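Colleague: I have a new structure open on my screen and would like to go through it with you. Could you take me through it step by step?

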Amino acid sequence: ALANQGIASAKRLNTIRCLLPQFSTQRQRNLAESQQIDFLWGPTLQMTLPIWDQNQAHIAVARFRLMQKQKAYEQVLEVLAESIITKASKLRTAQQVASHFANEALPLAEEIVRGIGLVYEAGEEGVLSVIEAQRTLTNLQNAHVQALLD
């Protein structure tokens, strides 16, 4: 009776197992795939192809070139920044010089030319003093124009 009960229990368990889906493990699937042979004719060769290389060498070369380009770009930026600083300094100096000419040197030279002209008209100085004062004024005007150009 006990044996009949065990057999009946085993039959029920098999019936239940048949109703449930059967899942195989990864190992069982790999074993089944390795044992499956569709058709072979002649000698065979099995080897692994480097299809997962994904062009790593070219990627490394491209990264290296990118780093070179970035360094060259940074060097150009440094040279450009230095040039801008130098030009800005020259501009400030030229503006100060032009301002000095316009506000102090030229008005003073014009006043001297007028004063020398009055002294010349009074007969106390010669014409050479007037010409020298006018030449000095002209030189200062030329220097002022050059400072403005700078």
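Modeller: We can begin with the overall fold and then turn to particular residues. Please keep in mind that this is a predicted model.

Colleague: How many helices and strands are there in the protein chain?

Modeller: The protein chain has four helices and zero strands. Along the sequence, the pattern reads α-α-α-α.

Colleague: What share of the 150 residues is buried?

Modeller: Buried residues account for 9% of the 150 residues. The accessible surface of the chain is about 13800 Å², and carbon and sulfur atoms contribute 60% of that area.

Colleague: And what part of the contacts comes from residues 24 or more positions apart?

Modeller: Among contacts with a separation of 6 or more, 66% join residues 24 or more positions apart.

Colleague: Let us look inside. Which residues make up the largest nonpolar core?

Modeller: That core has five residues, namely Leu106, Ala109, Val113, Ala133 and Leu137. Helix 3 and helix 4 each provide at least two residues of this core. Helix 3 gives the largest share, with three residues. As a general point, nonpolar side chains tend to be buried together in soluble globular proteins.

Colleague: What does valine 113 touch, apart from residues up to four places away in sequence?

Modeller: Valine 113 touches Ala133, Gln134 and Leu137.

Colleague: Which residues of helix 4 are buried?

Modeller: Val130, Ala133, Leu137, His144 and Ala147 are buried in helix 4. The buried residues of this helix pack against helix 3.

Colleague: How far apart are glutamine 141 and leucine 106, in sequence and in space?

Modeller: Glutamine 141 and leucine 106 are 35 residues apart in sequence, and their C-alpha atoms are 7.0 Å apart in space.

Colleague: Changing topic to charges: how many salt bridges does the structure hold?

Modeller: The structure holds two salt bridges. In one of them, arginine 114 pairs with glutamate 111, and the closest N and O atoms are 3.6 Å apart. In the other, arginine 135 pairs with glutamate 132, with the closest N and O atoms 2.6 Å apart.

Colleague: Where do arginine 114 and glutamate 111 lie?

Modeller: Both lie in helix 3, which covers residues 56–121, and they are three residues apart, about one turn of the helix. Glutamate 111 is partly exposed, at a relative accessible area of 48%.

Colleague: Why are arginine 135 and glutamate 132 separated by about one helical turn?

Modeller: Arginine 135 and glutamate 132 are separated by about one helical turn because they are three residues apart in helix 4, residues 127–149. In general, an α-helix has 3.6 residues a turn, so residues three or four places apart point the same way. Arginine 135 is partly exposed at 46% relative accessible area, and glutamate 132 is partly exposed at 39%.

Colleague: Lastly, which residues form a nonpolar patch on the surface?

Modeller: Tyr73, Leu77, Leu80 and Ile84 form that patch, and together they have about 420 Å² of accessible area. Tyrosine 73 is in helix 3.

Colleague: Is tyrosine 73 buried or exposed?

Modeller: Tyrosine 73 counts as exposed because its relative accessibility is 53%, and the cut-off for exposed is over 50%.

Note on methods. Residues numbered from 1 in each chain as written. Predicted model: local features only at pLDDT ≥ 70, side-chain atom pairs only at ≥ 80, totals over all residues. Heavy atoms only, no water. Salt bridge = Lys/Arg side-chain N within 4 Å of Asp/Glu carboxyl O. Buried < 20%, exposed > 50% of the residue type's maximum accessible area, 1.4 Å probe, protein only. Patch = residues over 30% accessible without salt bridge, like charges linked within 9 Å, V, L, I, M, F, W, Y side chains within 5 Å. Areas by Shrake-Rupley, 256 points an atom, 1.4 Å probe, with all protein chains shown as cover. Core = buried A, V, L, I, M, F, W, Y, C linked by side-chain atoms within 4.5 Å. Contact = heavy atoms within 4.5 Å.
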